[in-house]
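This report sets out the helix packing, the sheets and the ligand shell of one structure in turn. The sequence and the coordinates are shown first.

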Amino acid sequence: KSREILKIQEEMETSALNYPKYFNIAIKEARGSTIIDVDDNVYIDWFAGVAVINLGHRNPEIVNALKDQIEKFWHYMEIPSEIRVDFLKEIRETFNFDSKILFTTTGADAVEASVKIARWNTGKRFILSFDNAYHGITAGTLGFTTLPSAKKFQPYYDNNVISVPYPYEYRCPFKDCLNEVLSLVEYEVKTHEIAGILVEPVQGEGGYIVPPKGFLKGLREIADKYNSLLIVDEIQSGVGRTGKMWAYELEGIVPDIVTVAKGIGEGIPISLVAYRKDLDKLPQAFHLGTYRGNPLGLAVGKATIDYIKKYDILNRVVSLGEYAKRKFSEIMEDNYRGSFDVRGLGFMIGIEFSDEKKNPMSEFVTKMIRNMLKEGVIMYKAGIYNNVLRFMAPLTIPRELLSRGLEIFEKALKE
Ligand code: PMP
């Protein structure tokens, strides 16, 4: 049945789809950390719809929040409501700076707004981005997304972008990766009119790359020194995924601007930009959009923050994340002969596969995705060479499903 549905979909929908090329299933239903397909196969979800379903599919407390809101109203642009101010109050408390919030609809939309805010406030033009970054793929964000797969769109880029290497220690061409990257950043920020340094605190699509300690601190210092703004893109790393509400907290820095999407709406399209209050000199209708601050998204966002606090999700992510990372390392050591790197924070774990000479093993990873799916786990890849498997299960995954998934990972690897 899955194949039939997929075939019909392919006939009608754009050829530009990505995920069905890897997951040839049609979904009937999803519950907690599992997906059930139309043929009644059950899969463990280690994908969470690209790190979106952080609290599990149809989490009862999220369902209740949605039901409550749907009984009231579900669209009215920016007109005030209780749910709007309740959510604003709660989200602002999660940031370590006095913030103003601008609602957007998608991740890319939030990034576009954040860059506009930086340019507007500084009067500067350029944005500093990093190699292998992913910040969206809309016309406005293409230039910041430096992954090789976006290079084909170069003619349409926002050209006011300068990119420098991200401190990717496993493949770093420099001896002292952190300090050489920081000195490149400093050179560019000193030389050009950089409105903002746009950075993922852990690179997501680029391959779940955790930068060395001191990276964000270094960027903070450079931004301050040259009157540039630090824009932290928490779209993938935020909402508890790394074991902190926001990954930037791990470095103890205070950002100027933060972008938030994915997990805050649990799949309901809502996103936002939080920025320092003193940057709030924006003119009326600075960044409009019909659906911004959708009440269903606000209700889910509020329930999500409440849930994370109520069930101590952050500590769970730290301890289970450490367990998972250790198990991945052990399984790789016992079963994989090439060079590999297991890295990550919390439930944002990447496993990079290479041969003995560190050549990327991307086909191997594609096979792993297929084997895992066949055995009942949905897992996806990342990285500039498509050779990184990433673990991004819901933060609420039961321990038994995590262990079962690890057994399947080992089996798939052996195969
Ligand atoms: N920034 C980061 C760090 C992301 O991971 C993504 C999505 N993968 C985006 C921006 C873009 O978000 P969206 O797909 O909602 O436009």
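Is the crossing of H3 and H8 left-handed or right-handed? The crossing of H3 and H8 is right-handed. The model under discussion is predicted.

## Helix packing

Two packed helices are described by the angle between their axes and the distance between the axes.

| Helix pair | Angle between axes | Distance between axes |
|---|---|---|
| H3 (residues 60-70) and H8 (residues 295-310) | roughly 145 degrees | within 9 Å |
| H4 (residues 82-94) and H8 (residues 295-310) | about 40 degrees | 9 Å |
| H10 (residues 362-375) and H11 (residues 399-414) | about 130 degrees | 9 Å |

For the right-handed crossing of H3 and H8, the contact draws on Glu61, Ile62, Ala65, Leu66, Asp68, Gln69 and Ile70 of H3, and on Pro295, Leu296, Ala299, Val300, Lys302, Ala303, Thr304 and Tyr307 of H8. Sorted by class, the residues of this contact are 10 nonpolar, two polar and three charged.

Helix H8 also packs with H4, at an angle of about 40 degrees. That angle makes H4 oblique to H8, and the crossing of the two is left-handed. On the H4 side the contact is made by Ile83, Arg84, Asp86, Phe87, Glu90, Ile91 and Thr94, and on the H8 side by Pro295, Leu298, Ala299, Gly301, Lys302 and Ile305. Seven nonpolar, two polar and four charged residues make up the contact of H4 with H8.

Helix H10 contributes Met368, Asn371, Met372 and Glu375, while H11 contributes Ile408, Phe409, Lys411, Ala412 and Leu413. The contact of H10 with H11 divides into six nonpolar, one polar and two charged residues.

## The four-stranded sheet

An open sheet of four strands has the order S1-S2-S3-S13, with mixed pairing. Strands S1 (27-31) and S13 (377-378) stand at the edges with a single partner strand each, so one side of each has no neighbour in the sheet.

Along this order, S1 and S2 (residues 34-37) pair in the antiparallel sense over four bridges, and isoleucine 27 stands opposite aspartate 37 in S2. The two strands form a hairpin with two residues between them, and glycine 32 in the turn has a positive phi of about 55 degrees. Strands S2 and S3 also run antiparallel, joined by three bridges; here isoleucine 36 stands opposite valine 42 in S3. The hairpin of S2 and S3 has four residues between the strands, and aspartate 40 takes a positive phi near 65 degrees. Strand S3 (residues 42-45) pairs with S13 in the parallel sense over two bridges, where isoleucine 44 stands opposite valine 377.

## The seven-stranded sheet

A further open sheet consists of seven strands in the order S4-S10-S9-S8-S7-S5-S6, and its pairing is mixed. Its edge strands, S4 (99-104) and S6 (161-164), each pair on one side only. On average, and with direction ignored, neighbouring strands of this sheet are turned by 20 degrees against each other.

Within the sheet, S7 (residues 194-199) and S8 (residues 229-233) pair in the parallel sense over four bridges, and the bridge partner of leucine 198 in S8 is isoleucine 231. Helix H5 packs on the sheet and touches S4, S5 (126-130), S7, S8, S9 (257-260) and S10 (271-276); the direction of H5 makes about 25 degrees with that of S10. Helix H6 (residues 177-191) lies across S5, S6 and S7, running at about 160 degrees to S6.

## The ligand shell

How many residues surround the ligand? The ligand is surrounded by 15 residues, of which the closest are Thr106, Gly107, Ala108, Ile235 and Gln236. Helix H5 (residues 107-122) supplies the largest share of this shell, three residues. By class, the shell divides into six nonpolar, six polar and three charged residues.

Definitions and conventions: Residues are numbered from 1 along each chain as its sequence is written. This is a predicted model: local features need pLDDT of at least 70, side-chain atom pairs count only at pLDDT 80 or more; totals for chains, interfaces and linings use all residues. A residue is near a molecule or strand if its C-beta atom, placed from the backbone, lies within 6 Å of it. Ala, Val, Leu, Ile, Met, Phe, Trp, Tyr, Cys and Pro count as nonpolar, Asp, Glu, Lys and Arg as charged, and the others, Gly among them, as polar. Axes are lines fitted to C-alpha atoms, for helices over the stretch in contact, and angles run from 0 to 180 degrees between N-to-C directions. Angles under 35 degrees count as roughly parallel, over 145 as roughly antiparallel, 65 to 115 as roughly perpendicular and the rest as oblique. A crossing is left-handed if the near helix is turned anticlockwise from the far one by less than a right angle, and right-handed if clockwise. Two residues are in contact if their C-beta atoms, placed from the backbone, lie within 7 Å. Two strands pair if DSSP finds at least two bridges between them.
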